[in-house]
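Please examine the sequence and the three-dimensional model below.

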Amino acid sequence: MQLPKPLRIYVAIFMAAIMTNLPYMAFAAEVVPAMIPTSAVVEQMSVSQARAKVESFMKREDFRAELIKRGVNPEEVTSRMASLNEQELRQLATQMDKAQYGGDVTGILIVVVLVLLIIFLARRI
Amino acid sequence: MKKFLLAGWLTLQIAACASPARQTEQLLSGPPGVPPAHVLTGIPLIKHEAGYCGPAALTIAMQAAGKEVTAADLAAQVITPGGAGSLQMDMISAVRRNGMMAVAVENLNQLVEEVASGRPVLVFQNLGLSWLPRWHYADVVGYDLPRQEIIMHSGNEAYRREPLRYFERSWGLADFWALVIIKPGEVAQSADELAHLKAALGLEQAKMLSEAAFAYDGILRRWPESLGALVGRANIAYQKTEYQTAVNLLRVASKAHPDSIIARHNLAVAEQAVLK
């Protein structure tokens, strides 16, 4: 199907106008900077709480001693932790929370080492 | 690689088996500052048919928090047709739709503290096995530490006593999922600032703006410098075109948290809105 020629020209001009960002520029003056939603703050707070939890845990003497006893270098673990993304960090913090209940260092150690192993192996697959 | 993951998973499972009732032991060895036994009297049980433990347990907790709802209303909101039961997310969103806050409770100590402060705790349990689950919702309405028992409205049975250890197992198999329901403006005894913020944010996102405002105000009474509550309350004020209120709140936020870029950005936006 073919459009009549005058209509084709109008359509072409219309399409050309849309494909440039002229319409956006025309309205740009009216755009008001928006408030950042509350969820962004709560998200940040939740990540920093998770990070603080993990870091304070890594500083525990008994925990470091357990790591060394198993031939794992605590510094290596700390540097691996630093490269976790936000979601992984939160997962780890949740796991630590659960394992920490009852103050069982060995239980947490198993969890931490496994989480790190799984995360790092999964990334390489 | 798969072998490795499998081995890791197996070890996790074994670790899980080898650590029975640790929370119970911790609770019994050093209970948080609560009376040794406490039962919430006068909490009505909601009788229900099989598959309806979700709405029934939710109704009990909602009514105890002062919200007048019926199990029939809630059933329509939480039952997944064809699924014969209710999903946890649906339970939380039903709480929000009714303008209440769902605050997470994460461990046995916290759970006992909540019950001692007068609030029933809605819990999710797996009464079956980890690989053959039988999911169940119930309300914890009391505890008895000398007798090592938890007291629940469970199924069609009121004030049912169960050994704490059994309860910890079935609760743990459901990933220790539990919540207390509170009125916006109140704060739960045991939960932290972040847990309350998440509940208040849920109300804000469900567009229950006046309830969310009450919730943020309540958080600010308890944690006056709460960044999340200040920003949240300001966002609601802004949406209601109360720009000066938003500015005042965000000034407090930027002063208390000079590092927060969000607080500063929103302050600038609100200040501009005041000038217009």
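The paragraphs that follow take these topics in turn.

The model is predicted, so local features require pLDDT of at least 70 and side-chain atom pairs count only at pLDDT 80 or more, whereas totals for chains, interfaces and linings use all residues. Residues are numbered from 1 along each chain as its sequence is written, chains are lettered from A and ligands numbered from 1 in the order in which they are written, and side-chain values use heavy atoms, with hydrogens and water left out.

A pair of aromatic rings is described by the distance of the centres and the angle of the planes. Here rings of Phe, Tyr and Trp (its six-membered ring) pair if their centres lie within 6.5 Å; planes under 30 degrees apart count as stacked, over 60 as edge-to-face and the rest as tilted. By this rule there are 7 aromatic pairs over all chains. The rings of B:Phe124 and B:Trp135 are stacked, because their centres are 5.2 Å apart and their planes stand at 15°. This pair links distant parts of the chain, with B:Phe124 in strand β3 (residues 121–126) of chain B and B:Trp135 in strand β4 (residues 135–144) of chain B, 11 residues apart. Helices (H or I, at least four residues) and strands (E, at least two) are DSSP runs, numbered from the N terminus. B:Phe124 is buried at 7% relative accessibility, while B:Trp135 is partly exposed at 46%; buried means under 20% relative accessible area, exposed over 50%, and partly exposed in between (1.4 Å probe, protein chains only).

The rings of B:Tyr137 and B:Trp177 form an edge-to-face pair, because their centres are 6.0 Å apart and their planes at 75°. B:Tyr137 is buried, with a relative accessible area of 3%, and B:Trp177 is buried at 15%. Ring pairs link B:Phe124, B:Trp135, B:Tyr137 and B:Trp177 into a cluster.

B:His136 also lies in strand β4 of chain B and is buried, with a relative accessible area of 10%. Its side chain is joined to that of B:Ser154 by a polar contact of 2.9 Å; such a contact is a pair of N or O atoms within 3.5 Å, and within protein one must be able to donate a hydrogen and the other to accept it, while residues adjacent in sequence count only if both atoms are side-chain atoms.

In helix α4 (residues 71–78) of chain B, B:Leu74, B:Ala75 and B:Val78 are buried. Seen down the axis of α4(B), these buried residues fall within an arc of 110°, so they line one face of the helix; the arc is that of the directions from the helix axis to the C-beta atoms. The face turned away from the buried side of α4(B) carries the exposed residues B:Ala72 and B:Ala76.

The whole structure holds 11 salt bridges over all chains, each defined as a side-chain nitrogen of Lys or Arg within 4 Å of a carboxyl oxygen of Asp or Glu. In one of them, A:Arg90 meets A:Glu43, the closest N and O atoms being 2.8 Å apart. A:Arg90 belongs to helix α6 (residues 86–100) of chain A and A:Glu43 to helix α3 (residues 38–58) of chain A, 47 residues apart. In chain B, the side chains of B:Arg161 and B:Asp144 meet in a salt bridge (3.2 Å, N to O). B:Asp144, B:Arg147, B:Glu149 and B:Arg161 are linked in a network of salt bridges.
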